[in-house]
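Please open the model in your viewer and keep the selection panel at hand. The tour below moves from one selection to the next and says what is to be found at each stop.

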Amino acid sequence: MDDNLLEVRNISVTFKNRYGTLKALDNLSLNVKKGEILGLVGESGAGKSMTGAAILGLIDPPGHMSSGEIWYKGKCINDAHEAIRGREISMIFQDPLMSLNPLRRIGDQLLETILTHMNVTKSEAIKRARKGLEEVGIDPNRLNSYPHTFSGGMRQRVVIALALAPEPSLIIADEPTTALDVSVQAQILDLLKNLCKERGTSIILVTHDMGVIAQTTDRVGVLYAGRLAEIGDTREVLTNPKHPYTKGLVDSTPRIDANSFYKELYQISGTMPKLDAMPNGCAFHPRCEFAIDKCSKETPQVFSDRAACWLLENEAIVE
Amino acid sequence: MLVIIFRRLGQSILVLFIVALISFLIFRYVGNPVDNLMGQEATLAQRAALIEALGLNDPFYKQYFNFIWKALQFDFGNSYRGALPVSELIASRLPATIELAVTSAFFALVLGVIIGIYTAINRGGYIANLILSTSLIGVSLPTFLIGVLLIWLFAVELKWLPSFGRGDVVQLGWWSTGFLTISGIKSLVLPSITLGLYQLTLIMRLTRSEMLEVMRQDYVRFAKALGLSSKQVNFNHALPNTLVPVITIAGLQLGSIVAFAIITETVFQWPGVGLLFINAVYFVDIPVMSAYLLLVGVLFVIINLIVDLLYLAIDPRLRDSNTSE
Amino acid sequence: MERFFKSDFFYDFLRAPVAIISFCVVALLVLSAIFAQFIAPTNPFDPASLELMNGFTPPMEPNMFTGDVFLLGADDQGRDLFSAILYGLRISLFVGIMAVSLAMVMGVLLGLIAGYVGGWLDNLIMRLADIQMTFPSILIAMLIFGVARGLLPPELRYEMAITVLIISIGLSEWVPFARTVRGTTMVEKEKEYVAAAQLIGLKRWQIMIRHILPNVLGPVLVIATITFALAIIAEASLSFLGVGAPRTEPSLGTLIRVGQDFLFSGEWWILLFPALTLLALALAVNLLGDWLRDTLNPRLK
């Protein structure tokens, strides 16, 4: 367990509304190893982005982390989010058009970040800012340009340069390519992946796209209704899913090859429960073909460090 | 960018023509210029001569342009009361109103923005909530009531400040200023607070809600995620974006200040154009009303134009709208 | 009715103490204005009931000449202030309600026409609205008031004062209504059902009204409440300036104007009680409007 960069231990995020207390994240645990890319996949509202926000302590009120601990480099950082933001863990948001301050030159934003975190002189900071832009494939002479003069893909490159500028050990990328044109998505993902590999930076990649997961990540966590359904080596999870929900997700992903071209896609019946109408027991059981009695009564824990499903209970004991 | 400025300029001129049209209609058809220049005893021939001399038989458009042409030379005719030229009346009273309006606008803008930022950053805090609830009372208090209550407290009970007039003024050419004497400045305090308080609460509430809105934006979240201090996030990222809409509204509020100056000037017997206007309304002094409308129209159009230009100066997206995708 | 009590709207209302208190204050003031002649000890508009000897009697103290006691004191002419406030409140509320109704009818109609007919008519109405919006409504109300006085023969000026007041405030507040209704109309106009209903022979404007009015009910209600507060303040301001309700039929603003004259001589009650009534009314209506806006506008939730 020593190579764990980040450990999320049993965190819950709750917020109150008129109908009572809702759990956006429920007893979630996961870990990120040094240099690896962990994918987080799930439907919208499953808690993917919330996990990222919780790690950085950026949950918007009225929500708050009600229990659990987040450990980073062997220390609990529950009360030290501010010290690790940017310098240790950085975040990239979904919409590059909204991520940059429209009223400030990108150079100012880069310099501000570098000068805040690195103990360097202004001229050194400018040098670093230019180098940062060059690395993400942007002409360093555009330091004085405003964000609106860049296209969406270019802006996401600027955002990556900003996130990498303080040389963090972990980047949380929250759907970094969803808002971009399909043709640009792969470029940006490759860029992010390569830059992080060079620096040994880990990534938590939040996405709803199984294709991105398959291409980019080393390990993957599947979230369902604020709970972890399954986690494990990406190849292993995608080829041999243990949780019925993961199986459904994999089967419902379109593939372009001769064998499957005319086959109808699998559909998971029903929809994910709303947070204010969570069923008892396993959140997935109303939609699950394999549900047994126990599923509707008790919430399963994660068995064999792999999947939260009662079907694995006995298997786990055997192993 | 030049295109935008010229388009705005064109719109402003159009608005001015319409305001001038309304002024003209009031001047020409609500009042009766002949009756007011001549007594009842004038003969029909004398009346006809005057009508001819005033051009009242000319076609409508000619009279309208004649009105504008005269207005451009500051000729608005004579007041029905006292028969003084309207332009002279207004010129003698303009400095008082401008000094009052500028002082209160400054007071409202500076304090309003500062308190607004404070209540946004300390959202939910004890003092912030107190300020917010008090501000609701401020919005509901009519201007004249604020003035009367301030007079009661500071002039009648405490006897600290004068309750009416401008105090001693110093004449600088045609401009009379109250800024240069102690009694002038003391006289300015209560009217400025009265006039500025409503705008202050408005600007404060606006700053607060805009800032809270901006703080929800992704670029502020990103700035936080990059580990910038809350001071950097609040003042380098959230504040400039907050100020764009605040400046627009605050600029437009400057117009309201001029309008509400009518009320404040009445409460404090402040010898400005507002008091002149309200007396004109009371005594149906049409030329003064018409000239005041035109004056205020020009003022508002200029304010709107300045706000637009400020907008361009602050927001780079508007400055070179041709380069954005 | 049962639907109303079970609605989210009612649910929210019961959980907003500010809204409940504001509503009660407004209801209390409206009821006391309606039943003024039963509550008020005297009729303040009847010169015969005034006893000049009672002038300047402080609240709850017997007058030194007549021995009369007044709950809130008496003004310079010996008028019972409590009665004067009740009757003044009635005038203030009447002007406010009539002015808002005028603004609402005018705004909704112009908004419907602008959105429905479109073209140059739409352009004309909306440009007019833009220009009017650059000027504060109180200034416009004063101007209309002045023009109306200029057009009326002098002997009618006093008789018509209240009507003129209503018209000037009403005409100065129509723009927000028109803008909201126009927006909704333009959205509804493009919808398929309008064309479909036309095919079966229904008139287009009939269908439109049936679909637009329910859609704009919420926003119009919010605007009406906020405008009502503005109208009350505008009426009080105009009357205070002496270009509104006449002294023979004093509204709250007129009473405050009278009260200001006696501040320096120490008769504070003539000012204070009308001022407090006006403040309570304006504040309660404003709070209610704020709450309505937050509740009926899901975007802000």
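Two residues are taken to be in contact if their C-beta atoms, placed from the backbone, lie within 7 Å. Of the two pairs of chains in contact, chains B and C share the most contacts, whereas chain A and chain C do not touch, their nearest C-alpha atoms being 10 Å apart. This is a predicted model, in which local features need pLDDT of at least 70 and side-chain atom pairs count only at pLDDT 80 or more, while totals for chains, interfaces and linings use all residues. Residues are numbered from 1 along each chain as its sequence is written, and chains are lettered from A and ligands numbered from 1 in the order in which they are written.

Select chain B first. Its C-alpha trace spans about 85 × 60 × 35 Å along the principal axes, and its secondary structure comes to 13 helices and two strands (DSSP runs numbered from the N terminus, helices being H or I of at least four residues and strands E of at least two). Among contacts in chain B between residues at least 6 apart in sequence, 71% join residues at least 24 apart.

Next, show chain A beside chain B. The contact takes 26 residues from chain A and 22 residues from chain B. On the chain B side, the elements that give two or more residues are H9 (218-225), H10 (230-267) and H13 (316-319), and the largest share, six residues, comes from H9(B).

Now turn to chain C, and select H12 (residues 286-314) of chain B with H7 (residues 137-151) of chain C. The axes of these two helices, lines fitted to C-alpha atoms over the stretch in contact, come within 11 Å and cross at roughly 155 degrees, with angles running from 0 to 180 degrees between N-to-C directions. H12(B) and H7(C) are therefore roughly antiparallel to each other, a term that applies to angles over 145 degrees. Where they meet, Ile286(B), Met289(B), Leu293(B) and Val296(B) face Leu139(C), Leu143(C), Gly146(C) and Gly150(C).

Which residues does Tyr292(B) touch, not counting residues up to four places away in sequence? Select Tyr292(B), and you will find that it touches Val273(B), Phe277(B) and Ala280(B).

Notes:
Parallel < 35°, antiparallel > 145°, perpendicular 65-115°, else oblique.
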